[in-house]
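Colleague: I have a few questions about the labels in this model. Could you walk me through them?

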Amino acid sequence: MAHWRSFISIVLLGLVVDQATKLYIHGTMALYHSIPVIDGFFSITYLRNRGAAFSFLADAHWRLPFFILVTLVACVAILVVVHRTQREQRLARTALAMIFSGAVGNLIDRVRLGEVIDFLDVYWKNHHWPAFNVADSLICVGVALMVFEMLREERAAAKAG
């Protein structure tokens with residue numbers, strides 16, 4: 001039960017930060033307005049994304065039910081994997097909680113708005129990385145932690161065997 005407490009705590013913290021930042025951006029900025037933070041590198045820019053990463057499927061008429069279904073399936077799969085984790089697999093549970101939290105954060109936007117609020121704009125001169133949000137960051141960091149954990153477990157198994 002203790003591993004569920006930490007999982008739920010991470011999920012809730014991620015959701016609160018994600019949704020609070022999106023609500024703040026929506027409530028204080030006009031769409032497409034940009035505030036430079038680090039000239040030539042980073043701005044807060046209020047954008048909306050109807051698609052997935054890199055606006056994938058943004059113009060598909062069936063995108064919204066598809067993204068909602070995929071997110072729900074992924075969330076169920078994550079819960080099953082968390083249930084099967086061993087007590088000592090704390091990093092894996094943390095990573096899964098971050099991925100789950102990010103997925104649910106963007107799901108809330110899709111259900112509420114039909115699209116996702118993005119506002120973190122990283123760029124170099126005229127070359128912009130696609131804008132993203134806290135939920136996207138949680139997913140990316142969570143995936144990176146999962147890869148790290150899997151490589152670590154693989155090395156440990158190779159040394160033992």
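Modeller: Gladly! K125 counts as exposed, because its relative accessibility is 63% and exposed means over 50%. Bear in mind that this is a predicted model.

Colleague: Where does K125 lie?

Modeller: K125 sits in the loop between β3 (116-124) and β4 (127-128). Its phi is near 55 degrees, a positive value in a residue other than glycine.

Colleague: Which phi does Y32 have?

Modeller: Y32 has a phi of about 75 degrees, which is positive although Y32 is not a glycine. You will find Y32 in the loop between α1 and β1 (34-38).

Colleague: What makes Y32 count as buried or exposed?

Modeller: The relative accessibility of Y32 is 59%. The cut-off for exposed is over 50%, so Y32 counts as exposed.

Colleague: How do you know that α1 and α2 are in contact, and which residues meet?

Modeller: Contact calls for heavy atoms within 4.5 Å. By that criterion H3, W4 and F7 in α1 meet I78, L79, V82 and H83 in α2. The residues of this contact divide into five nonpolar, two polar and no charged.

Colleague: At what angle do the two helices pack?

Modeller: Helix α1 (residues 2-28) and helix α2 (residues 63-84) pack at about 145 degrees, and their axes are 10 Å apart. The crossing of α1 past α2 is right-handed.

Notes
Residues numbered from 1 in each chain as written. Predicted model: local features only at pLDDT ≥ 70, side-chain atom pairs only at ≥ 80, totals over all residues. Heavy atoms only, no water. Axes fitted to C-alpha atoms, helices over the stretch in contact; angles between N-to-C directions. Helix = DSSP H or I, 4+ residues; strand = E, 2+ residues; numbered from the N terminus. Left-handed = near helix turned anticlockwise from the far one by under 90°. Nonpolar A, V, L, I, M, F, W, Y, C, P; charged D, E, K, R; others polar. Buried < 20%, exposed > 50% of the residue type's maximum accessible area, 1.4 Å probe, protein only.
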